[in-house]
Amino acid sequence: MKQRTPVILIIAVILAILFVLYYMFVQSTSFLSSPYFWGTVVISVILALIHNALGDLIENNIYKDLTKEAKAEYLENRKKPYFKTLWKSAFAKQSAKEEKDILIDHGFDGIMELDNQLPRWWLGLFWFGVTYCIVYMLAFFFTDFADPIKEYDEEYKAQIASVEDYLKTAPQATQESALYNADYVAEGEEIFKTSCVSCHMDGGKGGIGPNLTDNHWINQPEQTLFKNIFHIVWNGSPNNPTMVAFGGTGQLTGNDIEKVSSYIYHINQEQKPITVSEGGAAPQGTEANWQQ
Ligand code: HEC
């Protein structure tokens, strides 16, 4: 009679498999505090114990019918530690007689094939793999488990939220710290299109608000062009309340004003002015002479 796998080992394997399966679905170890997990553990352990008790019963019955020598051999075998036997069995070879019994009737060049039974651990792993695969496929197609689009969406939202959180607390550009930055021009243009274009029109060519592409300025509180733009967008115009203080009223953050100012600087300095003949508003204010 072969030595049976100790029930404690079976329970350990069951616990490991349960852990893997729960972890696969929950994607964190939070299930360790769930009654469902512990419920499955208790039921599985009880089943393993029942299975073991049945095994004991069967073994006892078989034992009763054994010959005296077989009984002695069985008792001797039982004393050997399980893992030692397992280790040895991994290297055990069939006797010549046993080999002959399982020899398949074909061969080539002296190479013969034996119809060995697959080891139980191998079959166990194989069926576990098959079941795992079926459960995984069903879960993949019929639940939202492991849905890459959903996961991407969630992660994307979390990223955006953390960027927003960061921006809320990040130090904002001020009149002193703000600088022209070519990298901000594209983003600044977007801000211009939502907050400014209604008065300053496409490309800043001017409408209700003055043409921002020419070198004539009504307001010139600062020495350099970029600082001047930032100043007016932050504080508004002292003479004309139509141009509101976007920074002062909190409609735009310091960083947004730095970006939109970079865009205005760009259309004023790095592009040709939009003249009256091209649909631009006529110059207003006096010609500016900015310091570099
Ligand atoms: C409701 C209309 C309106 C909106 C919206 C508006 N502006 Fe103005 N803006 C004006 C007017 C009118 C003036 C002229 C102020 C004055 O006469 O002093 C002006 C002046 C300016 C000036 C100074 C021009 C100069 O010659 O002194 C700048 C720079 C400017 N705006 C940028 C912006 C930016 C950037 C935005 C968007 C964030 C914006 N404006 C949104 C109406 C507007």
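Predicted model: local features only at pLDDT ≥ 70, side-chain atom pairs only at ≥ 80, totals over all residues.
Residues are numbered from 1 along each chain as its sequence is written. Local features need pLDDT of at least 70, side-chain atom pairs count only at pLDDT 80 or more, totals for chains, interfaces and linings use all residues, and side-chain values use heavy atoms, with hydrogens and water left out.

The shell around the ligand holds 20 residues, each with a heavy atom within 4 Å of the ligand. Cys 196, Cys 199, His 200, Ser 237 and Met 243 come nearest. By class, the shell has 12 nonpolar residues, 8 polar and no charged. Here Ala, Val, Leu, Ile, Met, Phe, Trp, Tyr, Cys and Pro count as nonpolar, Asp, Glu, Lys and Arg as charged, and the others, Gly among them, as polar.

Polar contacts are pairs of N or O atoms within 3.5 Å. A polar side-chain atom of His 200 lies 2.8 Å from a ligand nitrogen atom. Asn 219 places a side-chain N or O atom 2.8 Å from a ligand oxygen atom. For Ile 218, a backbone N or O atom lies 2.9 Å from an oxygen atom of the ligand. Helix 9 (197-200) and helix 10 (225-235) each give two or more residues to the shell. Helix 9 gives the most, with 3 residues. Helices are DSSP runs (H or I, at least four residues), numbered from the N terminus.

The iron atom of the ligand is coordinated by His 200 (NE2) and Met 243 (SD), at 2.0 to 2.1 Å. This pair links distant parts of the chain, 43 residues apart. His 200 is in helix 9, and Met 243 is in the loop between helix 10 and helix 11 (254-269).

Terms used: Polar contact = N/O pair within 3.5 Å; in protein donor to acceptor, adjacent residues only side chain to side chain. Donors = N, O, S within 2.8 Å, 3.2 Å for Na, K, Ca; no water.
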